[in-house]
Amino acid sequence: MPKVERFPMPIPYGWFGVGYGAELQVGDVRPVHYFGRDLVLFRNENGEAGLLDAYCPHLGAHMGHGGQVEGDSLRCPFHHWAFRPDGFCSKIPYAKAFPPRAKREPLAKSYPVVEKSGVIWAWYHPDDIAPTFDVIDYPEFTNPEWAEPIKREWRFASNPQEIAENGVDVAHFAYVHAMDAVPEGETDYDGVRRHSVARGHRTIDLPSGERKQLPYSVDTLQNGAGQKFTRLSGLVELSLLVIATPVEADDVELRFCFTHPKVAPGSPEEKAIEAAIENTCGQKGVEGDIPIWHNKIHRARPYLCDGDGPILRFRRYFEQFYADGPDGSRLVEAAE
């Protein structure tokens with residue numbers, strides 16, 4: 001029997017979360033691996049975050065292992081060449097004459113980085129095309145009037161498209177997430193943005209022991225392949241950043257970052273918020289999805305029925321984030 005290829009899609013391009021700003025202090029140097037590449041993430045003494053290819057363009061040392069921040073640059077541990085976040089070489093300590101090429105252009109491959117909503121977002125494009133759209137900022141995640149963000153993280157064998165498709169796959173809410181009925185969903189598309197809303201009812205066990213049926217909605221704005229903002233409404237109101245970052249084409253790191261208006265410690269509101277986060281992250285939430293994502297294949301031509309939601313429309317939207325087509329073939333070649 002021929003081997004089934006789980007995911008024909010390449011790594012999509014766009015803005016992807018590679019860390020939280022508060023967790024990368026001045027002077028920090030961190031080896032990371034995203035987009036099928038070994039990278040180094042650092043914060044220089046000016047407070048700027050930088051993301052570079054890990055291997056020094058001089059003689060190939062991994063700058064994430066033993067590299068140090070020096071002024072505005074990351075210093076390679078091997079010969080102490082130093083590189084700014086834009087990839088330009090700022091120092092070769094033993095060179096009598098600075099190489100002309102180093103004056104003209106960056107030597108180290110750099111990735112555009114912005115920090116918004118407390119997240120370090122890096123732009124990835126396989127053809128090194130500059131960013132074509134912006135990251136959306138959600139200020140409540142850094143607003144002192146809101147609660148300190150609550151973070152969860154998972155890693156499994158999947159990709160951003162499969163995860164994002166959940167937002168329009170309304171039928172699974174009843175069967176995976178134990179909503180009492182298939183919710184009514186609606187989705188709008190505007191360029192790189194997708195807005196979806198799913199509404200239904202869910203039976204909730206309250207901290208008092210009372211069981212109650214409450215209306216529930218999931219309102220999501222997706223901005224490219226790697227940034228989603230979701231507002232969860234029901235017994236409580238939660239803001240959630242869903243950050244799906246490809247490690248490889250079939251390996252993804254998924255982060256959930258929650259915040260909410262501050263409530264009194266130990267109050268019934270705080271207990272309800274904790275329960276809502278557990279519901280969102282636990283077996284009735286994303287941890288119910290993960291075993292399915294981890295083991296499923298991508299059906300390019302699925303059999304669908306009228307209750308499935310606009311899955312094929314979503315896939316046409318997501319295709320724009322592949323420099324290669326969704327099956328790995330070059331889009332420009334397919335158009336010829």
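**The second largest pocket and its surroundings**

A: Three helices, α3 (172-176), α5 (286-295) and α6, each supply at least two residues of the lining of the second largest pocket. Please keep in mind that this is a predicted model. Among those contributors, α5 gives the most, with 3 residues. The space in this pocket comes to about 340 Å³. Its lining has 19 residues, and E162, E165, D169, K296 and I311 lie nearest the pocket's centre. Sorted by class, the lining holds 8 nonpolar, 3 polar and 8 charged residues.

I311 leads us to helix α6, which covers residues 311-318. Here I311 is buried, as are F314, R315, Y317 and F318. Viewed down the axis of α6, these buried residues fall within an arc of 155°, so they line one face of the helix.

Searching the whole structure turns up 2 cavities of 30 Å³ or more. In the second largest cavity there is about 50 Å³ of space. Its lining is made up of P160, I163, A164, Q222, A225, G226, Q227, K228, V242 and A244. Helix α2 (160-164) and the strands β15 (227-233) and β16 (237-248) each supply at least two of the lining residues of this cavity. The most comes from α2, with 3 residues. By class, the cavity lining has 6 nonpolar, 3 polar and 1 charged residues. As a general point, rolling a probe the size of a water molecule over the atoms shows where empty space is left.

H62 and I163 are 101 residues apart in sequence, and their C-alpha atoms are 32 Å apart in space. H62 is found in the loop between β4 (49-53) and β5 (68-70). With a relative accessible area of 18%, H62 counts as buried, because the cut-off for that class is under 20%.

From that loop we can turn to the strands. Strand β2 (residues 29-34) and strand β3 (residues 37-43) run antiparallel and are joined by 6 bridges. One example is P31, whose bridge partner in β3 is V40. β2 and β3 form a hairpin with 2 residues between them, and F35 in the turn has a positive phi of about 60°.

Another set of strands makes an open sheet of 3 strands in the order β1-β10-β9, with antiparallel pairing. β1 (14-20) and β9 (113-116) stand at its edges, each with a single partner strand, so one side of each is left without a neighbour in the sheet. From one strand to the next, the twist averages 35°. Within this sheet, 4 bridges join β9 to the antiparallel strand β10 (residues 119-124). K116 takes part in this pairing, and its bridge partner in β10 is V119.

To come back to where we began, the pocket of about 340 Å³ has I311 among the residues nearest its centre, and I311 is also one of the buried residues of α6.

Methods. Residues are numbered from 1 along each chain as its sequence is written. This is a predicted model: local features need pLDDT of at least 70, side-chain atom pairs count only at pLDDT 80 or more; totals for chains, interfaces and linings use all residues. Side-chain values use heavy atoms; hydrogens and water are left out. On a 1 Å grid over the protein atoms alone, a cavity is a set of points where a 1.4 Å probe fits but cannot get out, and a pocket is an open set with protein on both sides within 12 Å along at least five of seven lines; lining residues have an atom within 4 Å of a point. Grid points are joined across faces, edges and corners, and a volume is the space filled by probe spheres set on the points. Ala, Val, Leu, Ile, Met, Phe, Trp, Tyr, Cys and Pro count as nonpolar, Asp, Glu, Lys and Arg as charged, and the others, Gly among them, as polar. Buried means under 20% relative accessible area, exposed over 50%, partly exposed in between (1.4 Å probe, protein chains only). The arc is that of the directions from the helix axis to the C-beta atoms. Two strands pair if DSSP finds at least two bridges between them. Axes are lines fitted to C-alpha atoms, for helices over the stretch in contact, and angles run from 0 to 180 degrees between N-to-C directions.
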